[in-house]
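These notes are meant for someone opening this model for the first time. Please keep the structure in view while reading the points in order.

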Amino acid sequence: MQFISTRGQAPSVSFTEALLMGLEPDGGLAVPATIPTITANVLEDWRSLDYAALAAAVIGLFATDIPKADLRAIVSAAYGADRFPTPVVALKPLDGVVPGLTLVGLSEGPTMAFKDLAMQFLGQAIPYVLARDGKVLNILGATSGDTGSAAEHAFRGQEGVSVFMLSPVGRMSDVQRAQMYSLADPNIHNIAVDGVFDDCQALVKALSNDAAFKAEHSLGAVNSINIGRIVAQAVYYVWAWLRASDGVAAEERAPFHVDVVVPSGNFGNIYAGHLAKSMGLPIRRLILATNENNVLDDLFASGIYRPRSAAETLATSSPSMDISRASNLERFVWQLLGPEEFVSRWASLEETGSLDLTDRLRDMHEEFGFVSGTSTHKDRLASIARVHAEAGALIDPHTADGITVALRHMEQGYPTLVMETALAAKFAETVEEALGEAPEPPMFVRELLGKEQHVIEIPNSEDELRALIRRSALHRG
Ligand SMILES: *Cc1c(COP(=O)(O)O)cnc(C)c1O
């Protein structure tokens, strides 16, 4: 399997080459040159597999340059019992709210958010490729919470990799901060910048744009455009469909369609669902939920994509979705328009600041099954309270955005799966606001909050960051 660039100006690469790449050399994103198919028979063959074995099967369709035995070892380590409970991803019915509504438990990993599922795969696959090729990698990133902690927990203690993670001083939740700063592994460097998230991101960008510095210190990233993350995320769509259809009689399974609801920001998670659907997984609709930063809801409602600037992005109570330029959308638009038309129309987005796709709105709905909705702070609180009252379950604010939009769009006869993107304990403040009382934090969260923290504080200065990387980065040989 080869991967090509959406912009069409870069040579095609293998899976492991794409894995170590951020953007393609032409500025585009890697997409599979052909989409592998999953037939009904293949799905039935996969029904008896455990999560790691299913991951090897699905990822193996793309990662054809990793020998099968090696891939099995990678996924067994990534999804092992020391990192996830069995069965890694569990379905949690919410029949008390509406029959047929189910949460897909994607957040049982070490940092209580769905990003662990993809990042743990990278945490095994990337060191494997580095060792094979005799390389090292210094991962440089900026985080406002979930991505940074998932990356640190995935790469802690791994050979050939170190992580330099910038975070804005004093801006994360207590749990997010503790998840990152409590790590004492020598290859993890927590850097608190005296500034806001955008300052952290600007520092990362400045160093990444310095090609000489980047090459000298083997700097790289594991952000949401990484194709390895997308492919690893496609696995749980297949898993969720299999588990949802387990109890269904075999003869009714062939057209057993589900609707899937995805709380979205960078369009990475739902793009993985779209990829699984494109491969033949019987998903009827992909229902995209946004918070007040509803650029993507506008796109699927009107056909016009108009990204907003950081200054126009609101700080909401579902902060991991406070995104106004969805970095993975390019992959979907490339497929929607086809490679030739894509290049000229995407260029017009960069020139004019908006992209008119009204001529393809019907395709988005009818061929690709996209539907969308916006959830506000008030909706979020109401959904948290309703799920607690009617199903006795605690949900986090991002999942609550998914529930809000699911309840608006659900249709009888179609099981509706809502992706649970984080756990309530990670965002206790908003859960408390919704329920009027603070939920009892789980034991491991109390322990986590009590741990010693390790962080280097620096001013908002490129020179200080360069000096720190010169001192601490891994170098080859
Ligand atoms: C990252 C994140 C999202 C958004 O996912 P995308 O792949 O960026 O669309 C939603 N919820 C939580 C809790 C997240 O951490």
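1. Basis of the notes. This is a predicted model, in which local features need pLDDT of at least 70 and side-chain atom pairs count only at pLDDT 80 or more, while totals for chains, interfaces and linings use all residues. Residues are numbered from 1 along each chain as its sequence is written, and side-chain values use heavy atoms, with hydrogens and water left out.

2. The mixed sheet. An open sheet is formed by 6 strands in the order E3-E4-E14-E9-E10-E13, with mixed pairing. Its edge strands are E3 (90-93) and E13 (370-374), each of which pairs on one side only. On average, neighbouring strands of this sheet are turned by 25 degrees against each other, direction ignored. Helices (H or I, at least four residues) and strands (E, at least two) are DSSP runs numbered from the N terminus, and two strands pair if DSSP finds at least two bridges between them. Strands of a sheet pair through backbone hydrogen bonds, either parallel or antiparallel.

3. Strand E14. How many residues of strand E14 are buried? The count is 5 of the 5 residues (416-420), so the strand is largely enclosed by the rest of the structure. Buried means under 20% relative accessible area, exposed over 50%, and partly exposed in between (1.4 Å probe, protein chains only). Thr416, Val418 and Glu420 point one way from E14, and Leu417 and Met419 point the other way.

4. Partners of E14. Strand E4 (residues 101-105) pairs with E14 in the parallel sense over 5 bridges, and valine 104 has methionine 419 as its bridge partner in E14. Strand E9 (residues 258-263) also runs parallel to E14, joined by 3 bridges. Here aspartate 259 has threonine 416 as its bridge partner, and valine 260 stands opposite leucine 417.

5. Helix H12 (residues 268-278) lies across E9, E10 (283-290), E13 and E14, and runs at about 170 degrees to E10. Helix H13 (residues 295-302) packs on the sheet, touching E10 and E13, and its direction makes about 135 degrees with that of E13. Axes are lines fitted to C-alpha atoms, for helices over the stretch in contact, and angles run from 0 to 180 degrees between N-to-C directions. Contact means heavy atoms within 4.5 Å.

6. The parallel sheet. Another open sheet has 5 strands in the order E8-E5-E6-E7-E15, with parallel pairing. E8 and E15 (456-458) stand at the edges with a single partner strand each, so one side of each is left without a neighbour in the sheet. Strand E5 (residues 137-142) and strand E6 (residues 161-168) run parallel and are joined by 6 bridges; isoleucine 139 has valine 163 as its bridge partner in E6. Helix H6 (residues 146-155) lies across E5, E6 and E7 and runs at about 160 degrees to E6.

7. Isoleucine 191. This residue sits in strand E7 (residues 188-193). Isoleucine 191 counts as buried because its relative accessibility is 0%. Leaving aside neighbours within four places in sequence, the contacts of isoleucine 191 include Phe164, Leu166, Val455, Ile458 and Leu468. The C-alpha atoms of isoleucine 191 and proline 459 are separated by 9.9 Å, although these residues are 268 residues apart along the chain.

8. Backbone details. Most residues other than glycine have a negative phi, and most peptide bonds are trans. The peptide bond from threonine 86 to proline 87 is cis, with omega near 10 degrees, and proline 87 lies in the loop between helix H4 (68-78) and E3. Serine 218 has a positive phi of about 45 degrees; its place is in the loop between helix H9 (211-216) and strand E8 (219-220). At 23% relative accessibility, serine 218 counts as partly exposed. Phenylalanine 267 has a positive phi of about 70 degrees and lies in the loop between E9 and H12. Is phenylalanine 267 buried or exposed? At 1% relative accessibility, phenylalanine 267 counts as buried.
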